[in-house]
Amino acid sequence: RDVERSRGLGDVYKRQNQFFRIMVDIVFKNNGILDKFVGDELMAVFGVFSSETHAPYDAIKTAVEMQNATEELMNLRREQGKETYGIGIGINSGMAIVGNVGSENRMDYTVVGDSVNVAARLQQLAREGEIIIGERTYRQTEGRFRMQKRDEIFVKNRRQPVICYEVLR
């Protein structure tokens, strides 16, 4: 039993690393930086080293490419008789603090702030195959992608609702 269980975990490990390898390459190709992996998720940041005005475009372009690559990978897995899955992506634009966060015992170089928290909430809202963006990202990329308004949502630690949009592929 333990051998079967460890073999299953090894398959998950290989699957996740294959997926992350593809996704991280897409992030880097589009001027993003990888902030961290959190379980089966990854967090990327745009505009730290490139123009702030291009960052929302780069982020959405990355998300579209990630969704397309995931679909291709899942088609291949389906043909091989393997389990398939999808991803939901949340994007938000705004001010954030970049730097070392933590304690004396453990520090992480990361990005923190309200805009980051809202992006995480948008990601939680996104279903498989969806890209959900915040209003500021929408305004900065309007006319460059096909998008439709979604309902306003209330998110944790925010009194005002967040206006969000879905990027249509």
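I began at V98, which I found in strand β4 (residues 97-102); strands are DSSP runs of E, at least two residues, and helices are runs of H or I, at least four, numbered from the N terminus. The model is predicted, so I kept in mind that local features need pLDDT of at least 70, side-chain atom pairs count only at pLDDT 80 or more, and totals for chains, interfaces and linings use all residues. Residues are numbered from 1 along each chain as its sequence is written, and side-chain values use heavy atoms, without hydrogens and water.

**Entry: V98.** I looked up its accessibility: V98 is partly exposed, at a relative accessible area of 36% (buried is under 20%, exposed over 50%, partly exposed in between, with a 1.4 Å probe and protein chains only).

**Entry: the core.** I then turned to the largest nonpolar core, which has 26 residues (a core is a set of buried Ala, Val, Leu, Ile, Met, Phe, Trp, Tyr and Cys residues joined through side-chain atoms within 4.5 Å). I noted that I60, M66, I89, I91, I131, I133 and V167 touch the most other members. At least two residues each come from α1 (2-29), α2 (55-79), β3 (89-91), β6 (131-134) and β8 (164-168). Helix α2 gives the largest share, nine residues.

**Entry: helix α2.** I checked its length. The 25 residues of α2 should span 36 Å at 1.5 Å a residue, and the end C-alpha atoms are 36 Å apart, which agrees (the expected span is 1.5 Å times one less than the number of residues). Just after α2, I found G81 with a positive phi of about 75°.

**Entry: salt bridges.** I counted ten salt bridges in the structure (a side-chain nitrogen of Lys or Arg within 4 Å of a carboxyl oxygen of Asp or Glu). Within α2, K61 and E65 lie four residues apart, about one turn of the helix, and their side chains meet at 2.7 Å, N to O. K61 is partly exposed at 27%, whereas E65 counts as buried at 17%.

Which parts does the pair of E83 and R15 tie together? E83 lies in the loop between α2 and β3 and R15 in helix α1, so the pair joins parts 68 residues apart in sequence. The closest N and O atoms of E83 and R15 are 3.3 Å apart. E83 is exposed at 53%, and R15 is partly exposed at 21%.

I also looked up D114 and R158, whose side chains meet at 2.6 Å, N to O. Last, I noted that R127, E130, R150 and E166 are linked in a network of salt bridges.
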